[in-house]
Amino acid sequence: MAELHIIGQIVGASGFPQHSLFCKWGLHAGCAWKLLSGLREGQTQVDNPAIKEMSYWSHPVDVHYATKGLQGWPKLFLQVWHQDSFGRSELYGYGFCHIPSSPGFHQMDCVTWRPLGTWQEQLSQMFVGGGPQLKHSDLIHTGADRYRLHTVAMGKVHLQLNIILRNFDRYGVEY
Amino acid sequence: MASTENLRQKIKSKRKALQASLTGSSEVSDTQGLVSAEMENGTRNENATFIEDIQDEDEQAENLKQTMRAQRRRRKAPLVDDVIEFNHEESPQDITKITRRQRSLPPLGECTPSTSFAEYSMREKMREKLKAARSKAQSALQQEEESASRYPTDLGDQSSITQFDTEVDEEYAKRPRDAESPIPPPRVRFREIASRLKPKPKEGFPSTEEAYNFFTFNFDPEPEDSNEGSEVRSHPQTLHDVDQGEEEAAEEGGEESAVSKDEEKEEEGKEEDERLVNDDEEDEDDYLFIIDQTARDFLIVKAPDYEGYNNRQQRDRKVLFIPSILSVSTSEKVPENMQPRFLEDEGIYVGEKPKVSKSNQNIIENRLLKNEEGKRWFGSDGRVIALANPIKQTKTRPPIFSPHDEVDPAIETLYRKAERSRYNSQYIAGSGEPQGHFQLDIDVAGIVFSHHPMFSREHVLEAKLAQLYDQYQLRQQKNLANLYTDKLCALRKAVNNIAEGQGVQNPMALHRLVEYKSEIRATRRMCHLEQERDRTLLKNIIKVWKDIKSLREFQKFTNTPVKLHLRRQEANRKADELSYEHEIQAEIAELLEDYQEVYDSKLEEYKIKYEEWKSWRKARKAKKKQKRVAGEQQDDDTDESLTAEELPKPDPPEPVDPSVVEEQVRETAARIYRKPGEPLLYPELSMTATVTPTNQCPRGEQLRRQDVQRCTLFAKVLFNNKEVSRTSSRTLGIDFRIHFGQIFNMQIVNWPESIKIQIFQTIGTSTTKIEVFVPIPETSILTGSAPIDEMEFSSDQRVMFDHEGVGSGVAFSFEVDGSNQLILLTSGKLACSVSWAVDENGVPLVPPVLHQNYGIQSTLKHLDAISSIGATGLTDTKKLAKWAAESRLDPNDPSNAALMQLIMSATNGEEPNKDYFRLDHLQEEFNFLSEEALNKSKRFRLLQLRNDGVTEFLNYKQIPIKDSEISEKIFQEYKNKQCDRETFDLTSHLDVHRAKVAKYLQKVRDSVTSRFLLAKHHYTLPDMVIEEAVPSISMLGVNLFRLAEPRRPLRPRRKERKKVTAQNLSDGDIKLLVNIIRAYDIPIRKSMGRPALTSRSARSVSETFPTSQPPQISAESPEWCTDQVSVHPFVEVSFQRIVRQTATLVGPNPNWNEELELPFRAPNGDYSTSSLQSVTDEVFINVFDEVVYDVLEDDRERGSGVHTRTEKHWLGFVHIPFTTIYSQSRIDGTFRINIPPVLLGYSKERNLASERGWEAVRSLSDGSYLSLFITVEPHLVPGEPVIEKFESQEDEKLLQRADKFQKEVAQKFRNRRCVTTVTDLTGKMVFVTRYIKPLFPPQELLDVLPNSSEATMELLARYVSLIPFLPDSVTFAGICDLWCTSDQFLNLLAGDEEEHAVLLCNYFLALGKKAWLVIGTAIPEGPTAYVLSYDHNQYVIWNSTTGQYYGQFDAFCSLQSVSCLVSAENVWFNVQKYETVMRINFDTSKSNLWKPFFSRSFPFPGLSSVQPDELVYQHTDKAAAVELQDKIEKILKEKIMEWRPRHPTRWNRYCTSTLRQFLPKLELSHGREGGDDHCAELQSLLGDYRISGFPIHMSFSELKPVIEAVHSTGVHNTETPLAEFALAVYIHPYPNNVLSVWIYVASLVRNR
């Protein structure tokens, strides 16, 4: 009957080559986890900062989980997208991070990456946008074979999460 | 020599002096010492021999010296003077020097000056010290050494001499070389020695001998390295012995001095050379001292120290060990006496050793061997022990880029173009992710006309022939007749087999026999059928061919190349006859057998029956006998029973006559079978006939051919009604075939909704169009595999020609006399195929889920059990196999082959493996708790339910943190609801039917909401961002202008307020503002005791239409004007049980102008749009009369005190649903006050009518009115109606037209609502005219007033209005308007304005009236639907929800504007300038006033109605109504008592019963009349009671509104202590469970 409450926000992103970013996010948890309330996934607005580099979304995350086991501790996976001046969106980065397992406030940076693709793809990406995307976006967080991907590092997504744990101590989980 | 003697002496003395005190560095003196000692040694033996040599050497040395000097001089050029002086002064000394140089090395001396002055002084001090030390030590040493050293010298002398001889010689030989090559300076040498000294003490063999050696041999001028090493070895030992603890330097000095002393003492005589040398040295020293002033001379330029490579190498060799690279023999490596052992050969695993190069290996081996215990590094195999090579042979990390580009599917990436997200739900990608492109390939192959207007007669026949021939070929291919014949044969054989083989009657075989026989029968029937068909077909073909031939002959030319050959195959007549006869015989035999069987069974039956009959007859006879015996008494009974049981005598069945059967068989055979001997005919169609050239044809035919050549065709491809492409145009061939052969590849974005191919045919200038609809292919149909389909098409266009062409849609005949006419329409076949394209990778470009196209339908399918379950049933192979087994499919039938195969594979296939694997294994083991425990948690459940938006838990605040704090009760209701879906909650509905309806509504609502869930998630920008509009220049201008405007504070205006989105609101934020402005014509009090006059005569409909007649002026007695008790009205507004009231004014036309503020609370504190829309609360605006009673007991007190009691008497009410206010955001207008038909003690008189002109007009519409302004503060943004494109079954063209029409009119009249298509209950778009259809009302209603159509209309309006009103916005919160058909409406017994209006309109139409549906706006409903009827030259507007009606020129008509009229055939849009009812013309025939939807350009296509043919009305159960009536009465009484907690509530039974009697009368009169009569009656009955009360009338839907209505009247609020109450309820049942509820509430106060 342990409960995990994640309250926080996806603050924004920095370090991406272009502005005008938005983010699709989702939480993935194992089968022992049960969503009590809140949205498990979402998408932010597009932020195109006029000054400075960082895009701010301040997108709220408020999820309440109940769990019967520790396996499959929730992970937050992100996809950062870029909307170009023609209103087209292209992928800018995948990333994921574990939800912190200790209670309290956590400020986190989630690094992101993007598949590189072949040189032809890179070339066309340079001129016409778009880019290689994962066929199966599960790979963002499951990543067994991810090392084989040829990727480029992209920017960081900044997260601020407050973790509230309840009753974990009852089952011998210390934190 | 004398000189030398002198010199020596001199030197001696000098030396003595010097030695004690000074000269040079210690090293120098050291070397001097050494050199001198050496010289001593040398000279001692060689004195004689040397002397001659010296001379030569002297010269050499002299030369050398000279050159050196010269060099020095040159270098010291600036010091020339000094040097010269020196030279002069020291010239004699030079000689001495020369002599000295004989032995010592020239550079020796020279090196001394290199010491610096500082060093020099230091050394001096040192020397002084040394001297002191030495002098001390000398005394001791001298004695020792003198005794000790004497003896060994003799011994050592012998050997040393020989030794030295050679050595010296060597020395000499070397000398010149050495002189040239830089000799290591003595200092260095000393160091070497010194360094060598150090380790020496360790070796312990100090001996005096060696010490001696040291002292003797040490003085080698240039010792050999090796010698030196060996010599010096002993040296320190001696030192040790001699003087331990002394410093080395001191020792040296000490030694030297000791040695020199020795020499002095012992070998004075021999020491000439030595002395000389010493002298020399001293001279040098002197010399140095002399040149002390010239410091430069100390500096010596030296060549850089260089050690020769070889030297170094040699030296290194001593220090370093360089292992050899030669391989070491194994024997050295293994322990002795052992053979190397190779473990690998013995079969023991030895890992492969890391690879080391051979030389390296050798080196290390060599090195290791040199080590102590070096062998332990080697293994038994003689190799260096090493771990096995740790590097794995296989690569643990596979290469990222393998040459074969096999990418793991898991990490596959896909290049996606940057795309605009233009897809929304109606486009393909439902998931929102653009999946890429989808492509449809449309192959338009060609067209074949089966009839064309330009066909000549011959063509017609040819087409027919071709068609028949095609059919023939198809049949030939199938060859069904043969198949059946074969089957028949096989079956017969099987039967024979069974019959012959089975002598024993096996029940199984018997059973099979029966089966076979029945099968034979069936097969034979089929066989005959097929054969007959074949034959007729053949006959037809031949007939048509004959026709063609005769036609060709007749017209004398040939038009078509068609030619039919009949191939004959002569048959063997005899064999034919035989088989023919055999066939017939077999058939006859079978038939006979069959008949026999039937006969047998019948006979059997007959026998049984006969037996029965016989026994019955016997019994009868026996009874008759009995009867006679028993007498007459029982006779009647038995007789009756016997007659009843009398059985007819069964007839025996007729036996079968074989001849008849044979005749039958032969007859059919003659018809079907080929006659024996008749040749077999095989028709063959060919195109070989020659067509007559055009010039040989008659004129008509020539024209036709010309026309044909002029005719061109092309095809357009339309996708979703948009032209995509078109084929090139082709000329029509003479054979009326066109080949396009074009393939169109369409990349699509939108869902394919329709694919249409339009064929355009141009003949000259005229163009005709034929449309062919092509089905959208299944997802499995891909390009390449798609067959070309032939789509038949036809056109009903009439085409007529004046030439030979037969035309289309025109009658023509082949006969000469014109009989047997034919009408052929243009028709043909379009060969085309539509398929989904396949990309180069073989991936079909098919949208992922094509059926999403029917999204709405598919969601509805979930409700439809058959479509969902049925479909899955078909895919269940097991079921299929079962079915196949049951239906006994013929496995040999080729048409069943595919099916059989499927079944075979299905049954043979293994059972699906039930084994499963578990994801997240070990999960169970690590679980904290079980799944059940988790699910049991009440807190979690509550949280989840709240999150899911379950209505009960939505907005549930603060869920307790502990399970124990949550009571199980919370879920009870929810659970009940879940399981109570089927059972009815009678307590709240009181009526089974209504409970059912409520359930049904709930279900519909559920399904509809789930459908709209997606749409609800669409947020618009204003939902998210609240942005203040930036004032534009024009706005600013207006504002500026406004500043200049004259201020008119007395004429306030309403300003537009800022809109507030619902989401950021909370309790208490929202207020309802009700501005009560004024009221007109409020009923006034009547004075008591005076009988009321019947002021209102019964009105008929005709009276209410005032245009035709002069205003009615009520004939009132003038005395009313004076003798009037006024009224003190005030208005009370109650909303959500909160009550506010205005001030009390006087008179029937009060002007309050007061604003009342009521707080609003949303249910559950949820202020979301959908929640607000579903608020069912109503605003009750009640008008009361305040009556003040004087309760003063004593008249005497009147002067001093006021003692009154006020009572409020309800006069009427207006109620406005909150949803209306919410959706309209404000309500402004004058409303009719609902005044009960009977108001005891009040009357409404139009007494002033005659006096005020305007009043007269108004008063025509009877009633009281109230002007109101209601709004919500802050301004809430009403939920946007969901604009959703629904699926529709309407014609695409019609929908487009509707769209266009709506857009057109919306441009001109923005605020007029145009309704063309509406959504029905299943969520489909339906054209609105389909709802209008004459429907008969219940006969009972028509029977009430058979002769007055007006009254009937009124009654119908009343009936319709009694059907409860339930606004759509409440039913389907946040969802658009849904229209029910009338039968649905009557079933639901709930609906909003549209349903009411449609039903009423349909009734009127059924009565034969002209009626339209009016779409417009009204107060308070807002956008609504009314009914317009036209009768007696006047238009009447009916409010279907209230049953009220208004004339067109009624000022108080609640319909404010009219925008649309709808009839069964058309929709008219109001294009007049005005839209108010009074100012518009309802003549729809004028198209400048009413824009019709269906006009001449777009005629009415004859849309069928969605309404049922007939409405079926249920008869209402009267008993149930009575029961309900009692129930309601009871509940209401309880409620009233509940509302009066502080007072006892007394019920006046007498009054109640009186009222109860009165209510039915009211119902009969529709509440119109009898009020006053009743009043009088009551008054007389209850003489001394003051009664205030009234009947309330309403339609019945639920209990809650009834209670609410009673509460809102406030009758229970009477504070009079002795008040009594009366309450009566009457329910009048109308057909179909429509109930009219009357509630009479009254309070009585006894008059004193």
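Which residue in strand 1 of chain B is the bridge partner of A:G131? I looked that up before anything else, bearing in mind that this is a predicted model. The partner turns out to be B:R416.

Next I checked the strands around that pair. Strand 9 of chain A, residues 131-134, is joined to strand 1 of chain B by four bridges. The two strands run antiparallel.

I get 39 residues of chain B in contact with 47 residues of chain A. The two chains bury about 3800 Å² between them, and 55% of that is on carbon and sulfur atoms. On the chain B side, I noted B:I411, B:Y415 and B:F928 as the residues that lose the most area to chain A, together 20% of what that side buries.

The rule finds two salt bridges across the interface. One I wrote down is between the side chains of A:K68 and B:E931, at 2.7 Å from N to O.

Last, I asked which elements of chain B give two or more residues to the side that touches chain A. My list has strand 1 (413-416), strand 2 (419-420), helix 26 (923-926), helix 27 (931-936) and helix 28 (938-948). Helix 28 has the largest share, with five residues.

Conventions. Residues numbered from 1 in each chain as written. Chains lettered and ligands numbered in written order. Predicted model: local features only at pLDDT ≥ 70, side-chain atom pairs only at ≥ 80, totals over all residues. Heavy atoms only, no water. Contact = heavy atoms within 4.5 Å. Buried area = accessible area lost by both parts, 1.4 Å probe. Salt bridge = Lys/Arg side-chain N within 4 Å of Asp/Glu carboxyl O. Pairing = 2+ DSSP bridges.
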